[in-house]
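This report describes the two chains of one model and the contact between them. The sequence and the structure come first.

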Amino acid sequence: MQDQLLSHGVRVLKGFGLNYEFLLAASERVAFLHGLVVTIELSLATMFCSLLIGAALAAMLVSPQRWLSWSARAFVELTRNTPTLVQLYCAFLVFNMLLTQVLQNAGGNPLTPFFWVVSVISLHKGAFHAESLRAGLQAIPAVTLEAAASLGFTRTKQLWLVQFPLALRFALPSLINNLVDLVKMTTIASAIAVGDITYESIMIWTQRDNVLELMLLLLLFFGALTYLVNLGGRWLERRLRMPGYGQ
Amino acid sequence: MDMRQCRQHLSHMDMVFYSFPASWRLFTVDPSALKQSLFIEENMNAIESVAPSSLKSNNKFLLACAAAAMLFSNGAHADATWDKIKQRHKIVVGVLLPGGPFGSLDPATQKPNGWNVELAEDIARQLGVALELVQVQPSNRVQLLQQGKADILIAGMEWTPERNEILSFAPTPFYRVGGIAIVPQSSSIKHWEDLRGKEVCLSQGSNYAKPLTTEYGASVKGFKSSAESLLALRGNNCVAAVHDAILLNPLVNGNPEWQGYRTISPELIPGNSVVWARKGEQDTVAAIDKIVQGWHKSGWLIATEKKLNISPASPALVELHDKFKKS
């Protein structure tokens with residue numbers, strides 16, 4: 001029944017000059033659907049890790065300890081100012097290879113391409129998150145912090161209980177912006193053969209030359225995915241809104 | 001027809017276009033190229049002259065779109081490529097530079113050289129036109145050809161029934177090549193059958209993906225080009241890398257970096273490398289085919305192979321030389 005519906009749909013689209021025949025070949029259909037799942041996994045994993053890294057870096061950036069703030073600054077500048085694809089190639093093709101050679105006698109290299117994509121994108125986007133959060137942290141009036149100090153908050157407690165909750169509200173639109181970009185950035189995984197949706201599409205269209213058809217599916221898919229991120233962001237903004245603070 | 005409106009619509013296309021991930025743009029048509037194209041203006045005048053006046057005033061956008069569509073269909077000319085070559089006194093050849101004697105960049109001059117380039121140069125010389133080389137990748141060569149960024153392809157592309165559906169070609173092959181695997185010396189893999197269930201690196205767009213998965217049950221990982229695939233093999237991300245024999249043989253034969261590696265034969269799906277052109281460009285492929293036959297007849301290809309130190313020498317070239325010598 002489902003098969004019939006699918007083949008009927010493909011026939012109808014063929015009438016419009018769109019060749020979606022790959023959906024009828026079980027192996028390619030499975031690969032494509034698996035690609036969808038991998039992209040969603042990649043997006044969720046990188047969102048989570050990049051936000052953690054971003055928060056840690058932001059805390060370091062505003063730290064009064066010189067060595068902490070300087071090393072965080074150096075890291076942000078380095079990752080932010082070099083292309084992600086170059087970082088990925090460098091990590092996966094160079095660093096990973098060296099690691100493999102070192103670990104040759106210790107049971108081999110356990111790190112997968114998926115791991116490398118998640119870590120490179122997370123570190124890259126973490127630097128952007130850190131700058132967004134820094135804007136929020138530094139927007140907090142000094143008197144608020146003085147008030148917190150007078151109530152007996154230590155420096156660490158001020159940071160986690162006063163500064164971060166407020167900074168998050170200031171930085172939210174900018175963070176969501178970063179996250180939308182992050183979802184799109186997961187497409188670079190295809191460069192090192194992680195089976196995300198872009199990779200599976202490339203593998204299909206290099207055999208069938210149906211670039212336009214797959215590109216349409218990719219656009220719809222990424223459009224929907226980034227729209228969801230956007231919706232989530234708006235919901236959070238409403239949810240975290242404080243009466244009397246900003247709009 | 002008001003060109004301003006057309007440009008406005010195109011600039012909206014621009015906005016949509018640039019909101020996609022940058023890496024995708026490589027695979028699509030760049031709207032800025034579309035805008036610059038004189039084709040649109042020409043074709044729109046043509047459409048305008050036949051369209052009823054009510055349509056002209058109401059549906060300017062539709063007309064613009066129809067003009068853009070004509071740009072891609074090329075239906076009006078018998079052989080637009082041949083006309084273009086003659087008109088510009090120039091042929092644009094898409095060449096693959098996989099590294100090694102078949103095509104690479106000279107490290108000193110940054111100029112492309114090797115087998116593919118020699119062939120392209122001789123075609124331009126025999127046609128009496130200037131040559132422009134465009135470097136292509138296996139993953140984008142068909143798109144570059146179809147979009148008119150290249151007139152013909154000399155890119156190690158073997159004849160396949162799928163390519164035959166969408167492109168035209170000069171029927172006489174200029175080489176015969178199949179895939180071989182490269183594995184570390186210590187590897188337990190001795191035959192193609194040993195690859196079952198193992199991960200194999202290749203380049204995106206390689207036509208060895210199909211036989212490897214369907215016949216030998218390997219799981220393939222496609223990288224942007226052979227360079228990344230080979231690096232991934234060195235990083236132990238796959239047990240073997242499968243590429244054209246003409247790329248891998250020189251590595252294990254002469255490159256000190258690849259001394260710890262060996263190859264696996266016999267060649268996988270040996271196929272005829274031919275020169276490709278856009279679908280239906282009969283004049284172009286006829287002219288190219290005559291040149292290729294001439295190469296075989298004179299033995300120029302065998303001499304070029306020798307000149308470039310390509311080893312082992314291809315038996316197919318000798319065979320074709322014998323065949324065309326008589327005719």
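Buried residues make up 38% of the 327 residues in chain B; a residue is buried if 20 or more other C-beta atoms lie within 10 Å of its own, exposed if 12 or fewer, and partly exposed in between, with C-beta atoms placed from the backbone. This is a predicted model: local features need pLDDT of at least 70, side-chain atom pairs count only at pLDDT 80 or more, and totals for chains, interfaces and linings use all residues. Residues are numbered from 1 along each chain as its sequence is written, while chains are lettered from A and ligands numbered from 1 in the order in which they are written.

**Chain B**

Chain B has 16 helices and twelve strands. Helices (H or I, at least four residues) and strands (E, at least two) are DSSP runs, numbered from the N terminus. Of the contacts in chain B between residues at least 6 apart in sequence, 68% join residues at least 24 apart; two residues are in contact if their C-beta atoms, placed from the backbone, lie within 7 Å.

Five strands of chain B form an open sheet in the order E9-E8-E10-E7-E11, with mixed pairing. Two strands pair if DSSP finds at least two bridges between them. E9 and E11 of chain B stand at the edges with a single partner strand each, so one side of each is left without a neighbour in the sheet. On average, neighbouring strands of this sheet are turned by 25° against each other, direction ignored. Axes are lines fitted to C-alpha atoms, for helices over the stretch in contact, and angles run from 0 to 180 degrees between N-to-C directions.

Strand E7 (residues 175-184) of chain B is mostly covered, with seven of its ten residues buried. E7(B) pairs with strand E11 (residues 261-273) of chain B in the antiparallel sense over eight bridges. E7(B) is also joined by four bridges to strand E10 (residues 240-244) of chain B, and these two run antiparallel. Five of the five residues of E10(B) are buried, so E10(B) is largely enclosed by the rest of the structure. Strand E8 (residues 199-203) of chain B is joined to E10(B) by two bridges, and this pair runs parallel.

| Residue | Bridge partner | Strand of the partner |
|---|---|---|
| B:Ile182 | B:Thr263 | E11(B) |
| B:Arg176 | B:Asn272 | E11(B) |
| B:Gly179 | B:Asp244 | E10(B) |
| B:Cys201 | B:Ala241 | E10(B) |

B:Ala241 in E10(B) also stands opposite B:Ile182.

**Chain A**

Chain A has nine helices and zero strands, and from the N terminus on its elements run α-α-α-α-α-α-α-α-α. Of its 247 residues, 32% count as buried. Among contacts in chain A with a separation of 6 or more, 74% come from residues 24 or more positions apart.

Helix H2 (residues 26-61) and helix H5 (residues 113-138) of chain A have axes that come within 6 Å and cross at roughly 45°. That makes H2(A) oblique to H5(A): angles under 35 degrees count as roughly parallel, over 145 as roughly antiparallel, 65 to 115 as roughly perpendicular and the rest as oblique. The crossing of H2(A) and H5(A) is right-handed; a crossing is left-handed if the near helix is turned anticlockwise from the far one by less than a right angle, and right-handed if clockwise. The contact of H2(A) with H5(A) has 17 nonpolar, six polar and two charged residues. In this classing, Ala, Val, Leu, Ile, Met, Phe, Trp, Tyr, Cys and Pro count as nonpolar, Asp, Glu, Lys and Arg as charged, and the others, Gly among them, as polar.

A:Leu18 is found in the loop between helix H1 (2-15) and H2 of chain A. A:Leu18 counts as partly exposed because it has 14 C-beta neighbours inside 10 Å. Leaving aside neighbours within four places in sequence, A:Leu18 is in contact with A:Leu13 and A:Glu213. A:Leu18 and A:Glu213 are 195 residues apart in sequence and 6.2 Å apart in space, C-alpha to C-alpha.

**The contact between the chains**

The contact takes 25 residues from chain B and 20 residues from chain A. On the chain B side, at least two residues each are supplied by helix H9 (141-146), helix H10 (161-166), helix H11 (209-214), strand E9 (219-223) and helix H12 (226-234). H12(B) gives the most to this side, with four residues. By class, the side of chain B that touches chain A has nine nonpolar, ten polar and six charged residues.
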